[in-house]
Structure formats: C-alpha cells, structure tokens
Amino acid sequence: MGAALAERAKQSGALLGKARCEYRLLPAGRMLNRCEAGSLMPFQWTINPYRGCELGCHYCYARYTHEYLELDGRDFERLIFVKQFRKDLFERELRAVQPGEWIAIGTATDPYQPAERRYGVTRAVLEVLARQAGLRVALTTKSDLAARDAELLRRLAQRNDVRVNFTLTTLDAELARRLEPAAPRPDLRLRALRRLAEAGVETAVFASPVLPGINDGGGELEAVARAAREAGAKHFGAQMLFLRDPARRVFFEALEKDFPRLAARYRRLFARGARVDAALREALEARVALIREEMGFSRRPASCAAGWGQLALFEDAAPAPAGGSALIRLRAAVAEAAAAARV
Ligand code: SF4
C-alpha cells in the first residue's frame with residue numbers, strides 16, 4: 001500500500017506554490033481509512049482530507065506519514081497534498097461504517113489548515129456526512145476556520161453524535177507561535193470554539209502535548225482549562241509529549257534553538273524512547289482528573305487513546321465520584337503523583 005501511495009504522490013500535479021509551501025493534487029483514492037484490527041485507537045475510521053500540514057508544529061509526531069510518500073519528514077509542512085474528493089466514491093465508502101463506530105477527522109493533519117480555505121475538501125466531506133444519520137464523528141483542529149462551518153456542523157450534529165476538539169497548548173500567543181508557527185492564535189481558537197458551542201456543537205479542548213518546563217508551569221494547564229470551560233467546552237484533556245523520529249529530530253532542533261537551556265533535560269526525559277517516565281505521565285493524569293472535577297467538565301466515559309500523543313481525540317474520563325471528599329482525595333492524589341514524578 002505504501003508503494004502505491006508513493007506512486008500516486010509522484011504522479012500528483014502541482015496546484016499552487018506559495019512562499020512557504022506547495023500544494024499538490026492527490027488523485028482520488030480512499031477518503032475513509034479503517035484502523036488496523038487490534039488498534040488501540042478509540043475510533044475505527046479516520047479521514048484526513050490533506051496529507052502534510054502547513055501549521056508546522058515543532059512537536060508534530062505525524063511527520064512520519066510523509067515518509068509513506070517517500071518524502072522527508074521535514075517536508076511535512078512544505079508539501080501539502082490535497083486529496084481529490086469524489087462524492088460518489090465517498091458515499092459508497094461510508095456504507096462500510098457500522099453503527100456505533102467512530103470516524104475521526106484530522107488524526108494526522110489539521111482538516112482546517114490554510115489549504116482548506118482554497119480547496120474545501122473538509123467541507124465537502126462534512127456536507128456528505130451531514131446527510132447521514134447515526135454516525136459518530138470527532139474532528140480535531142487548531143484552526144479558527146472551523147467556525148466557518150458552524151452551521152454545517154450544527155446540521156451534522158442533529159442526526160449524528162459529533163464532537164469538535166480544539167488543541168490549545170497554551171494561552172500565551174508568543175509561546176504558541178514558537179511551538180506552532182503557523183497555527184492560529186490561542187484566542188482565535190477559543191473564539192471559534194465558542195461559536196461552535198453556541199451553535200449547539202459539543203466541543204472539547206486538549207492541552208496536548210504537555211511539554212515539561214515549557215507549558216506545564218504552575219497554573220498554566222489550569223488557565224487553559226478555565227478558558228476552555230468559559231468558552232463552552234464540555235471536555236478537557238492533556239497528554240504528555242510523545243516523540244519518535246522524524247518528529248524527534250525536528251523537535252530537538254527547535255528546542256536547541258528556542259529553549260537551549262532545556263535541551264539536556266529533554267535528552268534525559270526521552271533517553272529511553274518516545275515517552276517520558278510513567279511517574280510524569282501519572283502526575284499529569286492526576287492533575288487533569290482534578291481539573292475536570294473542579295471545573296465541571298463532563299465525566300462522560302470515553303475510550304482510551306493510549307499513545308496517540310498530541311492528536312488524541314478522546315481521553316480517559318477519570319470517573320471520580322462527585323462531592324467534597326472526592327475532591328480532597330483527588331488533590332491528595334495530585335500531590336502524591338507530583339512528588340513521585342520529582343526525580
Ligand atoms: S500537530 Fe496537528 S496542527 Fe500541528 S502540524 Fe501536526 S497535524 Fe498539523
């Protein structure tokens with residue numbers, strides 16, 4: 001499959017060259033992809049209307065997907081492939097989706113990246129989905145362009161289970177620019193989230209990835225969660241940075257340049273692989289559970305998204321019982337986990 005895809009990529013025609021990137025047309029193929037049997041993902045199907053992502057987050061683990069096209073991971077934000085949309089083919093593909101199965105849009109690229117303004121593939125996909133009933137659809141983005149489709153998403157949500165997840169790693173616009181150079185500002189993402197929530201679309205905020213020493217300071221995660229809640233988000237989650245090549249190479253280069261004092265610490269943190277130690281992850285889980293409980297985020301159970309890094313669509317819902325004593329236990333758990341993580 002990889003070779004066939006690479007061949008199609010080679011045959012793709014240039015659509016547009018911009019200063020920073022080039023768009024190419026990927027001839028019509030599958031729009032809907034089934035997750036492999038036994039996958040740990042909390043969804044069964046994925047849709048990525050584009051290949052590559054112009055938003056160019058330094059920590060983006062999805063760079064490896066460009067290697068399937070026999071391209072370098074560094075080309076991920078420079079060479080964007082626009083998937084040719086065929087309504088008839090897509091409608092036929094949808095017949096394979098069984099009741100209760102989740103379709104995740106934007107698992108490896110942002111469906112509302114700048115290319116969407118020009119090519120509208122995400123909108124075309126949503127138009128077809130909105131004519132269906134009984135689907136479960138989760139879309140993840142960092143872009144305020146999602147607000148353009150508020151009415152369409154509202155329509156989609158009338159007969160389907162829909163959730164739009166915004167990734168918001170920080171409220172600090174300058175820090176966001178350093179981490180996610182071409183992504184819309186945090187306040188614009190929150191404004192778009194509010195627009196969707198007001199239209200009746202269920203929304204979530206994921207403050208992922210959490211980067212030790214960069215966006216996990218005292219109160220930073222809590223401030224993101226508070227802003228999300230105020231904007232109307234029902235769900236909140238955060239996961240630790242997940243780093244494997246080629247993302248690892250790109251991330252460390254950016255780290256050396258922008259946060260040189262942290263480089264040695266990160267080399268230690270990721271010395272044993274793509275994940276930080278379990279103690280750090282557990283401390284974050286406890287902190288997120290407390291945030292959910294204190295700020296009144298939904299505790300609706302959701303599937304586990306172990307290992308899906310910054311693009312996690314769902315997180316464990318931490319089903320803590322409500323009430324004062326539960327909060328005291330959660331706070332104690334946070335303190336204990338934080339102490340264990342201090343090594
Ligand atoms: S993390 Fe998401 S928004 Fe950022 S470059 Fe990767 S796919 Fe695009």
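## Around the ligand

Let's start with the ligand in this predicted model: its shell splits into 5 nonpolar, 3 polar and 3 charged residues. That shell has 11 residues, and the ones that come nearest to the ligand are Cys53, Leu55, Cys57, Cys60 and Asp110.

## The chain as a whole

Stepping back, the chain runs to 343 residues, of which 45% count as buried. Its secondary structure comes to 13 helices and 11 strands.

Nonpolar side chains tend to be buried together in soluble globular proteins. Here, the largest nonpolar core holds 90 residues, and Ile103, Val137 and Val205 have the most contacts inside it. Helix α12, covering residues 278–295, is the top contributor to this core, with 8 residues.

Val137 is worth a look on screen. Setting aside neighbours within four places in sequence, Val137 touches Ile103, Ile105, Leu129, Leu156, Asn160 and Val162. One of those partners, Ile103, is also among the residues with the most contacts inside the core.

## Where α9 meets α12

Helix α12 also pairs up with helix α9 (residues 220–231): their axes come within 11 Å and cross at roughly 35°. The crossing is right-handed.

Which residues make the contact? From α9 you get Leu221, Glu222, Ala225, Arg226 and Arg229, while α12 brings Arg287, Ile291 and Met295. Sorted by class, that contact has 4 nonpolar and 4 charged residues, with no polar ones.

Conventions:
Residues are numbered from 1 along each chain as its sequence is written. This is a predicted model: local features need pLDDT of at least 70, side-chain atom pairs count only at pLDDT 80 or more; totals for chains, interfaces and linings use all residues. A residue is near a molecule or strand if its C-beta atom, placed from the backbone, lies within 6 Å of it. Ala, Val, Leu, Ile, Met, Phe, Trp, Tyr, Cys and Pro count as nonpolar, Asp, Glu, Lys and Arg as charged, and the others, Gly among them, as polar. A nonpolar core is a set of buried Ala, Val, Leu, Ile, Met, Phe, Trp, Tyr and Cys residues joined through C-beta atoms within 7 Å. A residue is buried if 20 or more other C-beta atoms lie within 10 Å of its own, exposed if 12 or fewer, and partly exposed in between; C-beta atoms are placed from the backbone. Helices (H or I, at least four residues) and strands (E, at least two) are DSSP runs, numbered from the N terminus. Two residues are in contact if their C-beta atoms, placed from the backbone, lie within 7 Å. Axes are lines fitted to C-alpha atoms, for helices over the stretch in contact, and angles run from 0 to 180 degrees between N-to-C directions. A crossing is left-handed if the near helix is turned anticlockwise from the far one by less than a right angle, and right-handed if clockwise.
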